[in-house]
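Let's learn to read a fold together, one feature at a time. Have the viewer open and follow along.

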Amino acid sequence: LGAIREIRSRQNVGPKDSVNFHVQTDATAAKILQPMMPFVESMANAKLQSIGQQVAPPAINAMVTLDQMNVYVDLSSLIDVPAEIQRNEKLLENIVKQIASKQSKLSNETFVSRAPNDVVEKERGSLNELIDQQKVVQASLEQLRQMKS
């Protein structure tokens, strides 16, 4: 319930708008949660689509990770696809600039040789995080572009 409400808040989805959600969790947790779903559905104005280990997230979703589970809310009917494409393209541009900056810094021998090891490692870790973010945004853009077609 908290995860669905958090996603609603993050995505600016009003409480009167019905949403579909999926819960990816192990079999034991699914068995415990299943009897509670009617209450969650009525309190969150949401409809459970699937629960269990083999749950495939919707193409366009927002996710919250909780202890031993992922909750996905399907956003495909709630977002403006062209606006979301534009937002993600801008985000991708920003990430690419940050990656270039980090790579430039790390390729500078003076920086690498003079900076403390922990600072250099922190920069490398930050670069890896940015590369991971870039992959996620690119995948999201691909999905959005396919929806638009």
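A: Helices (H or I, at least four residues) and strands (E, at least two) are DSSP runs, numbered from the N terminus. This is a predicted model, where local features need pLDDT of at least 70, side-chain atom pairs count only at pLDDT 80 or more, and totals for chains, interfaces and linings use all residues. Residues are numbered from 1 along each chain as its sequence is written, and side-chain values use heavy atoms, with hydrogens and water left out.

Q: How do I read the faces of a helix, and which residues of H1 are buried?

A: An α-helix has 3.6 residues a turn, so residues three or four places apart point the same way. Buried means under 20% relative accessible area, exposed over 50%, and partly exposed in between (1.4 Å probe, protein chains only). In H1 (residues 2–10), the buried residues are Ala3, Ile4, Ile7 and Arg8. Viewed down the axis of H1, they fall within an arc of 140 degrees, so they line one face of the helix; the arc is that of the directions from the helix axis to the C-beta atoms. Gly2 and Ser9 are exposed on the face turned away from that buried side.

Q: Which residues are buried in H3?

A: Those are Met37, Val40, Glu41 and Ala44. They cover an arc of only 100 degrees around the axis, which puts them on the same side of H3. Phe39 and Ser42 are exposed on the other side.

Q: How many residues of E4 are buried?

A: Six of the six residues of E4 are buried, so this strand is largely enclosed by the rest of the structure. Met69, Val71 and Val73 point one way, while Asn70, Tyr72 and Asp74 point the other way.

Q: In which sense do E3 and E4 pair, parallel or antiparallel?

A: Two strands pair if DSSP finds at least two bridges between them. E3 and E4 pair in the antiparallel sense over six bridges, with Ala62 partnered by Val73 in E4. E1 and E4 also pair in the antiparallel sense over six bridges, and Asn20 stands opposite Asp74 in E4.

Q: Where does Gln68 sit, and what phi does it take?

A: Gln68 lies in the hairpin of E3 and E4, which has two residues between the strands, and takes a positive phi near 65 degrees.
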